[in-house]
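Please read the following briefing alongside the sequence and the model. It moves from the chain as a whole to one helix and then to one residue.

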Amino acid sequence: MGTEAATSCISKLFELLQVHRFVMSRICTVNGTEAHMYSYGTPGVLLRKNILHEWWNHMVSLQENTFPVEASVVSPNLSNSGTGIALGLREEKTMVADVGLTSSLSKNLLGSYLHSLEQVNRRLPLAQAAVGTCFQFHQTESEDNSSPQHPLLSQGLYQTHLVHHYYCAPGSASQNFDHWLSLRLRWWRQFSSKPSQFVTSNNDVPNGKTSSSIEYKFPWGQSTIETVCNHGDHDIKQLEEQSGINHQARASRKMVYPHVIECQTSLEDAMAAFLADAFQEKQTFSTNKTIKQNGARMVLQFHPHLAPYNVSMVNTGSKSRELRLITTHWCQELREAGLRVLDTADVSLTQEAQFKRYKSQHT
């Protein structure tokens, strides 16, 4: 897509999202650095909830020996982590610990590794997952134009990170890395109307690590939405050195230091990719000569599992009172079946007017 077409697409998509209150943004300044703060209307909240539900179901509920880990918004000894904000936390016995705003969930997961390992009697493989708020500070565009990001939900003050750690034997690490990369790519593609827009690429990383990115081809350029990395056994050995406690796990009949395969994305990156993927311009036609022909209507067509609403109910006619009782019952039945229902019935409007209102409010 050319620069002019990409700019037009961005403008139309942003307008659509703000009109229908998917996303609202304002700029704030923290420690002299500008950052965006995003808020979400009802459609945006429901979209985020559905994405998170699908990720959790895929990475935790359907996986064997996967343990959820609580992620705190603050973490100890992070005053030099790049967050730019340091806090003081008074603990028991009047001791004071330095804490900072969390910028990564990896330490939360690694900190719970031993406890999770004991749950499986120190046998590999096992996994952990965490969802939490991570703060980030970026340079403004005027300060750094060398690495442009996708403009949708980027440059935020904080993001909701979705992180998964898989601990496996060294001998199967390469095979498991390929497995998780393939599994994650299929997850993204299954919710897309244009699966080929999701691709993978290899990253150059130091210390013998292996890393790949899952990227989405946005109209304005290709951008990373998830990273899959094999960290090797360095993190586990470092934990053992710091604590003096044995961190080895059992693989078959041997005790080994497990390799850590990390899958990391954010709710904001996922939301941006699926919003861009759902955006379409549809031509409208009418047999009414008084209506302008071949007009374009901007719409968002989501996968049913991600759509804010699955069903909208309207009713009209001379027996609207009786129909209202029926539609109310149907709405309840559909909700109990797990479908998201929006009841837009208004007997003072025609059926066509009710559908138009639905389309204008919840495209």
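Which residues of α5 are buried? The buried residues of α5 are A173, N176, F177, W180, L181, L183, R184, L185, W187 and W188, where buried means under 20% relative accessible area with a 1.4 Å probe, protein chains only. This is a predicted model, in which local features need pLDDT of at least 70 and side-chain atom pairs count only at pLDDT 80 or more, while totals for chains, interfaces and linings use all residues. Residues are numbered from 1 along each chain as its sequence is written, and side-chain values use heavy atoms, with hydrogens and water left out.

**The chain as a whole**
- The protein chain has nine helices and 18 strands, taken as DSSP runs (helices H or I, at least four residues; strands E, at least two) and numbered from the N terminus.
- Of the 363 residues in the protein chain, 44% are buried.
- Among contacts (heavy atoms within 4.5 Å) between residues at least 6 apart in sequence, 65% join residues at least 24 apart.
- The accessible surface, from the Shrake-Rupley method with a 1.4 Å probe, comes to about 19,900 Å², and 49% of this belongs to carbon and sulfur atoms.

**Helix α5**
- Helix α5 covers residues 173-190, and its 18 residues reach 26 Å from the first C-alpha to the last, close to the 26 Å expected at 1.5 Å a residue, a span computed as 1.5 Å times one less than the number of residues.

**Residue L267**
- L267 is found in helix α7, residues 267-278, and is buried, with a relative accessible area of 4%.
- Leaving aside neighbours within four places in sequence, L267 is in contact with R48, I51, L52, T160 and L162.
- L267 and T133 are 134 residues apart in sequence, yet 9.9 Å apart in space, C-alpha to C-alpha.

Conventions
Buried means under 20% relative accessible area, exposed over 50%, partly exposed in between (1.4 Å probe, protein chains only).
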